[in-house]
Amino acid sequence: MTSNSTPALDPPAVHRLPDAAYVRMTFVLRLGLGLALVILGGGIVAYLLANPGETSQSVLSSNPILGYLSVPGLGSGLAGGSIGAVLTLGLIVLVATPIVRVVSGLYYFRKVGERAMTAITFSVLVLLLLGLLVIGPHVR
Amino acid sequence: MVALWVSVELALFVVLLILVAVAAGLVGSLTGLGGGVVVIPLLIIFFGASVPIAIGTGFVTILATSSATGAAYVRDRLSDIRIGMFLEIATVPGALLGATATVFLTHANLESVLLIALGAVLFAIIPGSLARRHIELPEPQPQDARSRYLGLTGGYHDEALGKDVTYQGARTSPALGVMFGAGIVSGMFGIGGGVFKVLALERFLNLPMKVSTATSNFMIGVTAAAGAGVMLAAGYVNPIVAAPVAIGTAFGAFLGSRVLPGLRNRTVRLLFLPVIAALAIEMVLRGLGLP
């Protein structure tokens, strides 16, 4: 039995998730980022076209998404074709992308039967949702 | 009806934001910083953004960088998903705490405190980085019990060194502590905490520099998502600033991720230190109200 204080001399065994996990996470990150950038890019072009009188200073002193930070507000804004709502959706997709990656990790750790890593990943997910759904709205 | 003309001044503002963000994304992905440390001071100094709006945009920068580079690093097996997930249990609560603190400091009109604190945080990591700048690969260290239990080991093929490299996580307890601090820093300042993540991954977990950088990039997205949720809900993410920055950063980060696998660790580290020093000085001066 190797002592805790003895450095390992042999190369360590490499623990790695199935290749499918890496492929899926790569896909999730690319899809999420691509979707967010398309929405945000389209939104910013539409904003420029729809607001020819705006300046950089007026943009910096206001925020066009403040009315769309709730689910009902975002839903009605998107239904009404609001550019602010579209930009809000793009930001939400961007924020959600790493969270979906955590969900993907949870799936694969559970699939290979790693209880400890499954519990750790699940805890991370719970904390993220707690921040988004409870702490964030509360401090506003 | 959509107007036929745009504001030339605002269009130039957007284009400049994209160009700055491309540079930030490139630097951020090469160093593991996430790009926020470049974008935030530039937004404040050259674009006239308020401190909380700059911090909110910093989160967007981090999210774009992490997703862009994280995808490439995960595909190339440079990011260690297992170690990243394990350490996120410390960074996420730290980020929630930090972002909440920033909102309260902003409400209390203490933005200068945020700037000085950011400068101090950046200064704090410079000496240690200088001391280790000649280390290409770390000397092997024994795994602790937690690392063995969770199987915190890995390997990759190093193109620059031309050989397969294996590694194992060492001191997990101090690494978790540093990661909690990194989470607080990320949540407070929108910089991703990559500065501390890379150092913790190298010094405590004893991982090779490339794995540390790639795993840091992989982790900062989750940390940033925690902080960004708070700042977005509080109204401190302005999409007219954030959207061009996200687009530019993602492009720059993608370029950086294509360059990293062919670089030697020393090159990455030499890129890392001047960025930290310059931004630390700038933040303190701004916080003190000096030109």
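**Briefing: how chains A and B pack together**

Leaving aside its neighbours within four places in sequence, Ala246(B) is in contact (C-beta atoms, placed from the backbone, within 7 Å) with Ala36(A), Leu37(A), Leu40(A), Leu94(A), Val60(B) and Ala64(B). This is a predicted model, in which local features need pLDDT of at least 70 and side-chain atom pairs count only at pLDDT 80 or more, while totals for chains, interfaces and linings use all residues. Residues are numbered from 1 along each chain as its sequence is written, and chains are lettered from A in the order in which they are written.

**The two chains**

- Chain A comes to five helices and zero strands, where helices are DSSP runs of H or I with at least four residues and strands are runs of E with at least two, numbered from the N terminus.
- Of the 140 residues of chain A, 39% count as buried, a residue being buried if 20 or more other C-beta atoms lie within 10 Å of its own, exposed if 12 or fewer, and partly exposed in between.
- Among the contacts in chain A with a separation of 6 or more, 52% are accounted for by residues 24 or more positions apart.
- Chain B has eleven helices and two strands, and its elements run α-α-α-α-α-α-β-β-α-α-α-α-α from the N terminus on.
- Of the 291 residues of chain B, 64% count as buried, and 82% of its contacts between residues at least 6 apart in sequence join residues at least 24 apart.

**The interface**

- Between the chains, 67 residues of chain A are in contact with 70 residues of chain B.
- On the side of chain A that touches chain B, helix 1 (19–50), helix 2 (56–60), helix 4 (83–111) and helix 5 each supply at least two residues, and helix 1 gives the most, with 17 residues.
- The residues of that side of chain A divide into 43 nonpolar, 20 polar and four charged; Ala, Val, Leu, Ile, Met, Phe, Trp, Tyr, Cys and Pro count as nonpolar, Asp, Glu, Lys and Arg as charged, and the others, Gly among them, as polar.

**A helix pair across the interface**

- The axes of helix 5 (residues 115–139) of chain A and helix 4 (residues 81–107) of chain B come within 9 Å and cross at roughly 15°, and the two helices are therefore roughly parallel to each other (an angle under 35 degrees).
- Residues making this contact include Leu127(A), Leu128(A) and Gly131(A) of helix 5 of chain A, and Val92(B), Pro93(B) and Leu96(B) of helix 4 of chain B.
- By class, the contact of these two helices has 14 nonpolar, four polar and two charged residues.

**Buried regions**

- Of the 144 residues in the largest nonpolar core, Leu63(B), Ala200(B), Met231(B) and Ala246(B) touch the most other members; such a core is a set of buried Ala, Val, Leu, Ile, Met, Phe, Trp, Tyr and Cys residues joined through C-beta atoms within 7 Å.
- Nine of the eleven residues of helix 2 (residues 36–46) of chain B are buried, so this helix is largely enclosed by the rest of the structure; among the buried ones are Gly36(B), Pro41(B) and Ile44(B).
- Helix 2 of chain B is followed by Gly48(B), whose phi is positive, near 75°.
- Thr213(B), found in helix 9 (residues 209–233) of chain B, counts as buried because it has 31 C-beta neighbours inside 10 Å.
- The C-alpha atoms of Thr213(B) and Gly194(B) are separated by 8.2 Å, although these residues are 19 residues apart along the chain.

Note on methods: Axes fitted to C-alpha atoms, helices over the stretch in contact; angles between N-to-C directions. Parallel < 35°, antiparallel > 145°, perpendicular 65-115°, else oblique. Contact = placed C-beta atoms within 7 Å.
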